[in-house]
Amino acid sequence: MEVAASTPIHASIVKASLRVQAHVAAVSKDGKNQHGGYQFASTDAVYAALTHKLAECGLMILCLEEEKPEIVRVEKDGKTTQWGKFVFSFVLATEEATWTDPRSRRSLFIQITGPQSFMAAQSYAEKTYLRSLFKLPTGDMDLDSMPQADTEEDQAALNGIGKAKRKSSAEGKRDGSVKKFNTLRAAIQAADGAIPCREIWTGHAAELSVMPRAWYETLAEDYSVKMAEFGIEVEIEEQARLEAAE
């Protein structure tokens, strides 16, 4: 595959970027996800950490919406949701030069829930670009810390995709699921490392996908707390959001 040559970056832009990078410390976690129960560095926190330094170093970063968002309607179980694909490109400039590149951009899919979704898409794209450009330490989770299963079927169950309807607490008590719940909870709490703990969680994706909602939320909280003990933040927002939408 032929790889396109990179557009040369003017020396003034390189120097300004490095000066910003040299003076920026870790970004504080000022936000909290109410579903997942974890803290994260918001876009505003990233702006606050960078704005004055960018001005001092004479570097401007412009975010441009590259094309009209592609909106897709998804119908499932009699309900309709809208998802949008957004593409943003970035321009870097000093008094001496301007630089951009076709690959200097971010693409993302986001569920459309109202006008705020369009602004949220741009904010998130800017946050990820700035974090990457200046190597900002935010303490946010990496992909390696997300629950991952060995098969597509188990991963779908873990993510809540195509899952069976959850049992009620009464059904769980009648069919013996309460024993599975207690066993799984004890195993998570007794895990002696991040890898064993994650294997417990992902290895029981099928059971988690149909477990009574309140039971699942208890286990998800236990799992998050346990993984935090090993210095790893886990992402369970998507699962919780899907559950809340049922």
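This is a predicted model: local features need pLDDT of at least 70, side-chain atom pairs count only at pLDDT 80 or more; totals for chains, interfaces and linings use all residues.

User: How many helices and strands does the protein have?

Analyst: Helices (H or I, at least four residues) and strands (E, at least two) are DSSP runs, numbered from the N terminus. Here the protein comes to 10 helices and 7 strands.

User: What share of the residues counts as buried?

Analyst: Buried means under 20% relative accessible area, exposed over 50%, and partly exposed in between, with a 1.4 Å probe and protein chains only. Of the 246 residues in this protein, 37% count as buried.

User: What share of the contacts joins residues 24 or more positions apart?

Analyst: Contact means heavy atoms within 4.5 Å. Taking contacts with a separation of 6 or more, 66% are between residues 24 or more positions apart.

User: How do I read a helix pair, and at what angle do H1 and H2 cross?

Analyst: Axes are lines fitted to C-alpha atoms, for helices over the stretch in contact, and angles run from 0 to 180 degrees between N-to-C directions. Helix H1 (residues 11–22) and helix H2 (residues 43–57) have axes that come within 9 Å and cross at roughly 140 degrees. H1 is therefore oblique to H2; angles under 35 degrees count as roughly parallel, over 145 as roughly antiparallel, 65 to 115 as roughly perpendicular and the rest as oblique.

User: Is the crossing of H1 and H2 left-handed or right-handed, and which residues meet?

Analyst: A crossing is left-handed if the near helix is turned anticlockwise from the far one by less than a right angle, and right-handed if clockwise. H1 passes H2 in a right-handed crossing. On the H1 side the residues are Ala-16, Arg-19 and Val-20, and they meet Leu-50, Lys-53, Leu-54 and Cys-57 of H2. By class, this contact of H1 with H2 has 5 nonpolar, no polar and 2 charged residues. Ala, Val, Leu, Ile, Met, Phe, Trp, Tyr, Cys and Pro count as nonpolar, Asp, Glu, Lys and Arg as charged, and the others, Gly among them, as polar.

User: At what angle do H2 and H3 cross?

Analyst: The axes of H2 and H3 come within 10 Å and cross at roughly 55 degrees, so H2 and H3 are oblique to each other. H2 passes H3 in a left-handed crossing. Thr-43, Val-46, Tyr-47, Leu-50 and Leu-54 of H2 meet Ser-123, Tyr-124, Glu-126, Lys-127, Leu-130 and Phe-134 of H3. The contact of H2 with H3 divides into 7 nonpolar, 2 polar and 2 charged residues.

User: How are H6 and H7 placed relative to each other?

Analyst: Helix H6 (residues 177–190) and H7 pack at an angle of about 160 degrees, with their axes 9 Å apart. H6 and H7 are therefore roughly antiparallel to each other, and their crossing is left-handed. Leu-184, Ala-187 and Ile-188 of H6 make the contact with Cys-197, Ile-200 and Trp-201 of H7. That contact of H6 with H7 has 6 nonpolar, no polar and no charged residues.

User: Where does Ile-200 lie, and what does it touch?

Analyst: Ile-200 is in helix H7 (residues 194–203) and counts as buried at 17% relative accessibility. Leaving aside neighbours within four places in sequence, Ile-200 is in contact with Leu-184, Ala-187, Ile-188 and Ala-191. Ile-200 and Ala-187 are 13 residues apart in sequence and 7.3 Å apart in space, C-alpha to C-alpha.

User: What does Ala-49 touch?

Analyst: Ala-49, found in helix H2, is partly exposed, with a relative accessible area of 27%. Not counting residues up to four places away in sequence, Ala-49 touches Val-24 and Val-27.

User: Which backbone value stands out at Lys-135?

Analyst: Lys-135 has a positive phi of about 55 degrees although it is not a glycine. Lys-135 lies in the loop between helix H3 (116–134) and helix H4 (152–159), and counts as exposed at 58% relative accessibility.

User: How many disulfides are there?

Analyst: A disulfide is a pair of cysteine sulfur atoms within 2.5 Å, and the structure holds 0. Cys-57 counts as buried at 13% relative accessibility, and Cys-63 counts as buried at 14%.

Notes. Residues are numbered from 1 along each chain as its sequence is written. Side-chain values use heavy atoms; hydrogens and water are left out.
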